[in-house]
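Okay everyone, thanks for coming. Have a look at the screen while I talk about charged side chains.

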Amino acid sequence: MAIITIRNLDESVKTSLRIRAATHGLSMEEEARQILRAALQSPEQQGGNLAQRIRARIEPLGGVNLATMPRDPVRDPPSFQ
C-alpha cells in the first residue's frame with residue numbers, strides 16, 4: 001500500500017471531511033480513500049460538445065421534451081442600391 005500526505009489542506013475541507021466520515025461511521029482516512037476511489041472509478045467525460053454532455057446527464061432522469069419554437073420564413077436580404 002502507498003502512503004500519501006496532503007499538505008496545505010484548508011481547515012474547512014478538513015472539518016467537512018471529518019464530519020462526513022463521522023456521519024458514515026468511518027475514519028477520516030477511510031472516508032478520503034472512498035472519495036478518491038469513487039472519483040477515479042467514474043470515467044472522465046472529456047471532449048464532446050456541451051449539448052451532448054447535458055443530454056448525458058438529463059437522459060437517465062427521464063429526459064426533457066421542449067416544445068419546438070415556430071420559425072418565420074427567411075426574409076429577403078436588404079438591397080442597398
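Let me start with a term: buried means under 20% relative accessible area, exposed means over 50%, and partly exposed is in between, with a 1.4 Å probe and protein chains only. By that scale Arg-33 is partly exposed, at 40%.

Quick housekeeping. This is a predicted model, so local features need pLDDT of at least 70 and side-chain atom pairs count only at pLDDT 80 or more, while totals for chains, interfaces and linings use all residues. Residues are numbered from 1 along each chain as its sequence is written, and side-chain values use heavy atoms, with hydrogens and water left out.

So, how many salt bridges turn up in the whole structure? There are 3, where a salt bridge is a side-chain nitrogen of Lys or Arg within 4 Å of a carboxyl oxygen of Asp or Glu.

Back to Arg-33. Its side chain pairs with Glu-29 at 3.9 Å, N to O, and also with Glu-30, where the closest N and O atoms are 3.0 Å apart. Together, Glu-29, Glu-30 and Arg-33 make a salt-bridge network. Glu-29 is exposed at 58%, and Glu-30 is partly exposed at 22%. Glu-29 and Arg-33 sit 4 residues apart in helix α2, so about one helical turn separates them.

The remaining pair is Glu-31 with Arg-20, at 2.8 Å, N to O. This one links distant parts of the chain: Glu-31 is in helix α2 (residues 28-41) and Arg-20 in helix α1 (residues 11-24), 11 residues apart. Helices here are DSSP runs of H or I, at least four residues, numbered from the N terminus. Is Glu-31 buried or exposed? Buried, at 2%, whereas Arg-20 is partly exposed at 41%.

Technical notes
Helices (H or I, at least four residues) and strands (E, at least two) are DSSP runs, numbered from the N terminus.
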